[in-house]
Amino acid sequence: MKNDNRFIVVHKEGSSFKEEGSRQILLDKETGINYLVFKSGYGLGLTPLLDTDGKPVITWIGE
């Protein structure tokens, strides 16, 4: 199995050790879809990042 990192962190803010939690935007390099990840304490939420039309935000990166 090759060691390719399919997901990359494109934005990070906050801290999971504080009440406001941490927020990250992950980019799936295969599909281009961005995901919002929220972590606070032992909890975690993951959802596709959506635009104003309710469609997934897609970002293509050149490799």
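Let's start at D28: leaving aside neighbours within four places in sequence, D28 is in contact with R6, F7, I33 and Y35, where contact means heavy atoms within 4.5 Å. Keep those names in mind, please.

A quick word on what we're looking at. This is a predicted model, so local features need pLDDT of at least 70 and side-chain atom pairs count only at pLDDT 80 or more, while totals for chains, interfaces and linings use all residues. Residues are numbered from 1 along each chain as its sequence is written, and side-chain values use heavy atoms, with hydrogens and water left out.

Okay, the overall layout. The protein chain has four strands and zero helices, and along the sequence that reads β-β-β-β. Helices (H or I, at least four residues) and strands (E, at least two) are DSSP runs here, numbered from the N terminus. Of the 63 residues in the protein chain, 19% count as buried. For that word, buried is under 20% relative accessible area, exposed is over 50%, and partly exposed is in between, with a 1.4 Å probe and protein chains only.

How do the strands pair up? β2 and β3 run antiparallel, joined by six bridges; two strands pair if DSSP finds at least two bridges between them. One example is L27, whose bridge partner in β3 is N34. These two strands form a hairpin with five residues between them, and G32 in the turn has a positive phi of about 80°. Next along, β3 and β4 (residues 43-48) are also antiparallel, with six bridges. Y35 has P48 as its bridge partner in β4. That hairpin has two residues between the strands, and G41 takes a positive phi near 60°.

Back to D28, which sits in strand β2. Buried or exposed? D28 is buried, because its relative accessible area is 3%. Its side chain makes a polar contact of 2.8 Å with the side chain of R6. By polar contact I mean a pair of N or O atoms within 3.5 Å; within protein, one must be able to donate a hydrogen and the other to accept it, and residues adjacent in sequence count only if both atoms are side-chain atoms. The D28 side chain also reaches the backbone nitrogen of E30, at 2.9 Å.

There's one more polar partner for D28, and that's T31: their side chains make a polar contact at 3.2 Å. T31 is in the loop between β2 (21-28) and β3, and is partly exposed, with a relative accessible area of 30%. A polar atom of the T31 side chain lies 3.3 Å from the backbone nitrogen of I33. Not counting residues up to four places away in sequence, T31 touches R6, I58 and W60. Take I58: T31 and I58 are 27 residues apart in sequence, yet 7.8 Å apart in space, C-alpha to C-alpha.

Last stop, the aromatics. How many aromatic pairs does a search of the whole structure find? It finds one. The rings of F7 and Y35 have centres 6.3 Å apart and planes at 65°, so the pair is edge-to-face. The rule is that rings of Phe, Tyr and Trp (its six-membered ring) pair if their centres lie within 6.5 Å, with planes under 30 degrees apart counted as stacked, over 60 as edge-to-face and the rest as tilted. This pair links distant parts of the chain, with F7 in strand β1 (residues 7-15) and Y35 in strand β3 (residues 34-40), 28 residues apart. And F7 is partly exposed, at a relative accessible area of 41%.
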